[in-house]
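Reader: I have a new structure open and would like to learn how to read it. Could you walk me through it, one feature at a time?

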Amino acid sequence: MKKYFPVPAAAAVTALTLALTLTGCSQEAPADDPRDGALSHIHGLGARGDTLYVATHDGVHTPDATGRPVRVGDRRDDFMGFTITPTGTFLASGHPAPGAGGPADLGLVESTDSGLTWRERSLGGEVDFHSLDTAPDSTVYGYDSANGLLRVSPDGVTWEDRAALRALDIAVSPAAPGTVLATTETGVARSTDGGRTFAAAEGPLLSYVSWGAPDALFGVDPSGVLFRGTDTGPGAGIRWARVSAVPGGAPQALTAVDARRLLAATQDGVYESRDGGRTFERRVTVTSGSDGH
């Protein structure tokens, strides 16, 4: 029997908030200027060792010793989807910087030097992935927001179209490559066949999910409440337990590095936890964009 997380009375409001987020993809937002010591419009987070990387509307940034964000490399693209693979390769998608020329959608781009340089991997001019993740066997999963479609590639070059769904974020199990989660406006949808089909969404209404290790599944709801998930196996679903509230309000991104280290971007900062999400320390200041993102 499946176990369902009790949905609070405010679920309708939360679902509406998530639904509005699902529709948001602004290419006209103002560029971030790290000279003012703050970022906005954050779309992804990652880490290599102790170095934090923040993917934004204006390229990838990393904080210096004082916490001031510094752009990595010269690319100022709007990286809507971003992930760092277990081998250290950066994968991203989105839109080119204003005036950069080329097609409106980047497709899948990759960097093998921690964001200093990028090259097109596939689907240039065809796809804008808003969420990217990789399985233990290096399979790449991307959520094509424009077409409402999950796309899967064994090598980042050839792609297969899988389930059609309306989602904000995806996460792939590090232990079972065919298990995929997607956050939707009715709950967390789960697939056990590599995203070909999804069971009906259930559990808390989460904006972002991240599965950093077999024992490191985390999700954050639209108000910033952090949950930890336990996969109870096929047919039993995910059991979610509240951990804490991430400081700074509504989330913009979430990455679980491992069972203890989490990265979360909210409306006023990029925060890091080293104790499984119980406490957070602000690493970078964030200013909310005029569109609320």
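Reader: Let's start with a single residue. Is Asp268 buried, partly exposed or exposed?

Author: Keep in mind that this is a predicted model. Asp268 has a relative accessible area of 27%, so it counts as partly exposed; the buried class stops at under 20% and the exposed class begins over 50%.

Reader: Which residue does Asp268 form a salt bridge with?

Author: Its partner is Arg282, and the closest N and O atoms are 3.9 Å apart. Asp268 sits in the loop between E22 and E23 and Arg282 in strand E24, 14 residues apart. Arg282 is partly exposed too, given its relative accessibility of 42%.

Reader: How many salt bridges are there by this rule?

Author: The count is 14. Take Asp50 and Arg274, where the closest N and O atoms are 3.4 Å apart. Asp50 lies in the loop between strand E2 (42-48) and strand E3 (51-56), while Arg274 lies in the loop between strand E23 (269-273) and E24, so this pair ties together parts 224 residues apart in sequence. Asp50 is exposed at 58% relative accessible area, and Arg274 is partly exposed at 45%.

Reader: Which residues are joined with Asp50 and Arg274 into one network?

Author: Arg261, Glu272 and Arg283 belong to that network as well, through salt bridges that share partners. Asp77 counts as buried at 4% relative accessibility, whereas Arg75 is partly exposed at 27%.

Reader: And what about Asp169, which is buried yet has no salt bridge: how far away is the nearest side chain of opposite charge?

Author: That side chain belongs to Arg166, and it is 15 Å away. Asp169 is found in strand E14 (residues 169-172). Its side chain does make a polar contact with the side chain of Ser131, at 2.7 Å.

Reader: On to rings. What describes a pair of aromatic rings?

Author: You look at the distance of the centres and the angle of the planes. A search of the whole structure finds five aromatic pairs here. In one of them, Phe82 and Phe90, the ring centres are 5.5 Å apart and the planes meet at 85 degrees, so the pair is edge-to-face. Both of these residues are buried.

Reader: Phe90 also pairs with Trp118; what kind of pair is that?

Author: It is a tilted pair, with 6.3 Å centre to centre and 55 degrees between the planes. Phe90 is in strand E7 (residues 90-95), and Trp118 is in the loop between strand E8 (108-111) and strand E9 (119-122), so to speak a link across 28 residues of chain. Phe90 has 0% relative accessibility and therefore counts as buried; Trp118, at 12%, is buried as well. Tyr53, Phe79, Phe82, Phe90 and Trp118 form one aromatic cluster.

Reader: How many bridges join E21 to E22?

Author: Four, and these two strands run antiparallel. They form a hairpin with five residues between them, and Thr255 stands opposite Leu263 in E22.

Reader: Where do the side chains of a strand point?

Author: In a regular strand they alternate between the two faces of the sheet. In E21, Ala253 and Thr255 are on one side and Leu254 and Ala256 on the other, and all of them are buried, which leaves both faces covered.

Reader: Last one: how many residues does the largest nonpolar core have?

Author: It has 15, and those with the most contacts inside it are Phe218, Leu226, Val246, Leu254, Leu262 and Phe280. Strands E17 (208-213), E18 (216-220), E21 (253-256) and E22 (262-265) each give two or more residues to this core. The largest share, three residues, comes from E18.

Key:
Residues are numbered from 1 along each chain as its sequence is written. This is a predicted model: local features need pLDDT of at least 70, side-chain atom pairs count only at pLDDT 80 or more; totals for chains, interfaces and linings use all residues. Side-chain values use heavy atoms; hydrogens and water are left out. A nonpolar core is a set of buried Ala, Val, Leu, Ile, Met, Phe, Trp, Tyr and Cys residues joined through side-chain atoms within 4.5 Å. Buried means under 20% relative accessible area, exposed over 50%, partly exposed in between (1.4 Å probe, protein chains only). Two strands pair if DSSP finds at least two bridges between them. Rings of Phe, Tyr and Trp (its six-membered ring) pair if their centres lie within 6.5 Å; planes under 30 degrees apart count as stacked, over 60 as edge-to-face and the rest as tilted. Lys and Arg count as positive and Asp and Glu as negative; His and the chain ends are not counted. A salt bridge is a side-chain nitrogen of Lys or Arg within 4 Å of a carboxyl oxygen of Asp or Glu. A polar contact is a pair of N or O atoms within 3.5 Å; within protein, one must be able to donate a hydrogen and the other to accept it, and residues adjacent in sequence count only if both atoms are side-chain atoms.
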